[in-house]
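Please open the structure in a viewer and follow the selections below in order.

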Protein chains: 2
Amino acid sequence: MSVDTAEPSEFSPRQNAVLEQALRLLVDGGEKALTTSGVARAANCSKESLYKWFGDRDGLLSAMIAYQASKVRTFERNGERLTAASLHDHVVIFARDLLEVLAGDVSLALNRLAIGQSNRDGSKLGKLLLERGRRQIDRRAMALIDAGKRAGLLRFSDADEAYHTLYGLIVSDLHVRMLLGEPGLKDTARQAERAVTAFLRLYGTDKVLAEMPVLG
Amino acid sequence: MSVDTAEPSEFSPRQNAVLEQALRLLVDGGEKALTTSGVARAANCSKESLYKWFGDRDGLLSAMIAYQASKVRTFERNGERLTAASLHDHVVIFARDLLEVLAGDVSLALNRLAIGQSNRDGSKLGKLLLERGRRQIDRRAMALIDAGKRAGLLRFSDADEAYHTLYGLIVSDLHVRMLLGEPGLKDTARQAERAVTAFLRLYGTDKVLAEMPVLG
DNA sequence: CACGAACCGTACCGTACGGTACGTATATGG
DNA sequence: CCATATACGTACCGTACGGTACGGTTCGTG
């Protein structure tokens, strides 16, 4: 039940390999397939080592989340000058990346795992998942729309509110539907484009709106 | 396209009482607390009756979803004449109701349950939850925005797309956050108001936009 | 009242999981 | 070459769950 999060090389290579196998088991068979014996067998390690490294089953689950989060790296934007067109493109890319991440096997499996246990353990895993898994993508988006504001392309008083609006426009109820087992989105590109168009129509300044097609 | 659902009194009163207790157990202690023995004890019935009525544990879970869905009734709109103000008010009320439903104890517990099992049983429960639990609210919203269009207050080509936009604006990532155990929304009224304002700005005709405050 | 169906309470069975203990192998360091 | 630490594989234990069986009880019906 460790709480502190040391970013660099949180686990040994051997432990990472074990966590990788555990994630694979989880993705393939859901939480029920994720038994300590199963993980030990799949990773060719002993249960005793599992308990030594991760404490107990919950510790293993937390470690899986931390490990997966550490794998996702989002490149920071460079300080290039934003135009209406480039802002649009960047936001579209962000939208597509977001949808792709949320629709990923491992992401869905971990979210299902955390949600399934969230009203039993005081939502410890849920917190972890939100903090570790979401921070990167949130920061990227906030930096983007902040840059848009500084370039006089976006207008808003509350950046957090604007970001949540963007998020809702992009994701809608897709995430929950996928978590419930519905087959993935058909046309993510179109969905991303629609969302960004709506977002810019809501928060874009005249400089942006001037370059957008008229409604209808 | 959808499975036929025998609406009236799907279960006997006794069975409904049992399902009520089962839901209570689920809400209080999560899926782990929902054991067949526990349900039998809480509802003062025998396990044998449980298996006779619902087949097996999955049957019980499905019955719980069906029962809960049958309890939620959304009054149909009457054909009153819509104005810009009344459309706004109706959509705000819808938004608040939607947030309230999604934040409800039982709804969250059932969604967690279905999500937790969704990659094990072929998402049978997830399908059931989406079809039974969502249809009512979807129909209500579609009827509302359709009426708005017929009254010349809204403009869109694809009603489904417009509805999903509205849904995303209202819910954003709140549903998933709550499913992950985050404490509920502070100010649902404000959230609903913001969402509806944005929605009307995107899809409202001049008749609606004329009555809205200028941006900023 | 008698009969049968439905149902309750409990005891029971097989299984499978989380967690622990132990004997063995491999590697590292003096 | 030995000593120590680390980790593997397996066997084991207690527990708790899903599902079944059975005797006793209530209740509706002729």
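A crossing is left-handed if the near helix is turned anticlockwise from the far one by less than a right angle, and right-handed if clockwise. The model is predicted: local features need pLDDT of at least 70, side-chain atom pairs count only at pLDDT 80 or more, and totals for chains, interfaces and linings use all residues. Residues are numbered from 1 along each chain as its sequence is written, while chains are lettered from A and ligands numbered from 1 in the order in which they are written.

**Helix pair in chain A.** Select residues 84–102 and 188–203 of chain A, helices α5 and α10. Helices are DSSP runs of H or I, at least four residues, numbered from the N terminus. The two axes come within 9 Å and cross at roughly 130 degrees; axes are lines fitted to C-alpha atoms over the stretch in contact, with angles from 0 to 180 degrees between N-to-C directions. The crossing is right-handed. Among the residues that meet are A:Val92 and A:Leu99 in α5(A), and A:Ala192 and A:Phe199 in α10(A); contact requires C-beta atoms, placed from the backbone, within 7 Å.

**DNA strand D.** Next, select the 18 residues around DNA strand D, of which A:Cys45, A:Ser46, A:Ser49, B:Thr35 and B:Arg57 come nearest. A residue is near a strand if its C-beta atom, placed from the backbone, lies within 6 Å of it. α3(A) gives the most to this surface, with 4 residues.

Notes
Helix = DSSP H or I, 4+ residues; strand = E, 2+ residues; numbered from the N terminus. Contact = placed C-beta atoms within 7 Å.
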